[in-house]
Amino acid sequence: MDFTKIYTFVGILFTVFLFRRFFGSYFNTMASPETVQKVKALIKDNKIFVASKTYCPYCQATIKLLFEDKKLSKEQVHLLQLDTMKEGAEIQDALQEITGQRSVPNIFISGKHIGGNSDLQALESSGKLDALLKKALA
Ligand SMILES: N[C@@H](CCC(=O)N[C@@H](CS)C(=O)NCC(=O)O)C(=O)O
């Protein structure tokens with residue numbers, strides 16, 4: 001048996017696994033038309049819609065601003081934690097197709113694409129966020 005070849009083969013498999021695990025989400029895949037429609041409906045039907053991931057520090061900052069600082073409730077903000085959902089990766093693909101933005105958090109207020117956490121924080125810093133939230137929740 002040629003162990004060198006076996007080790008090389010296992011090494012290549014492991015490298016491919018690691019690459020896909022950590023960099024896979026940076027490569028575009030197409031979402032099905034059904035998922036794109038479903039995500040568009042979520043954006044339209046919810047006053048505030050946030051696509052998030054549980055381990056993402058930018059998402060934590062957005063969640064803190066909306067739920068702790070602005071005291072919004074779970075009924076007012078439709079929050080999806082994509083990394084805990086079976087169809088999370090496809091929803092992320094759909095969000096990229098719809099908005100051109102792949103990163104999370106991906107935030108919508110009154111059906112309008114706000115952007116990511118930095119965009120939400122900028123709205124807060126400029127004093128425009130309260131009015132947007134008030135109008136959305138009226
Ligand atoms: N400038 C962005 C940064 C967001 C960001 O880098 N998010 C990371 C997760 S912490 C991301 O989406 N990475 C790609 C992925 O998870 O697919 C913001 O303020 O929202």
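Reply: Just after helix α3, K71 takes a positive phi of about 55°. Helices (H or I, at least four residues) and strands (E, at least two) are DSSP runs, numbered from the N terminus. Residues are numbered from 1 along each chain as its sequence is written. This is a predicted model, in which local features need pLDDT of at least 70 and side-chain atom pairs count only at pLDDT 80 or more, while totals for chains, interfaces and linings use all residues.

Helix α3 covers residues 57–69. Within α3, the residues C59, T62, I63 and L66 are buried; a residue is buried if 20 or more other C-beta atoms, placed from the backbone, lie within 10 Å of its own. An α-helix has 3.6 residues a turn, so residues three or four places apart point the same way. The cover over the buried residues of α3 includes the strands β1 (48–52), β2 (77–81) and β3 (106–109), and also α5.

Two packed helices are described by the angle between their axes and the distance between the axes. For α3 and α5 (residues 117–125), the axes come within 9 Å and cross at roughly 35°. Axes are lines fitted to C-alpha atoms, for helices over the stretch in contact, and angles run from 0 to 180 degrees between N-to-C directions. The crossing of α3 past α5 is left-handed, meaning that the near helix is turned anticlockwise from the far one by less than a right angle. On the α3 side the contact is made by Y58, A61, T62 and L65, and on the α5 side by N117, L120, Q121 and E124. Two residues are in contact if their C-beta atoms, placed from the backbone, lie within 7 Å. Of the residues in this contact, four are nonpolar, three polar and one charged. Here Ala, Val, Leu, Ile, Met, Phe, Trp, Tyr, Cys and Pro count as nonpolar, Asp, Glu, Lys and Arg as charged, and the others, Gly among them, as polar.

As for the setting, the protein has six helices and four strands, running α-α-β-α-β-α-β-β-α-α from the N terminus on. Buried residues make up 24% of its 138 residues. Its C-alpha atoms fill a box of roughly 75 × 30 × 25 Å, taken along the principal axes. Among contacts between residues at least 6 apart in sequence, 70% join residues at least 24 apart.

Technical notes
Buried ≥ 20, exposed ≤ 12 C-beta atoms within 10 Å, placed from the backbone.
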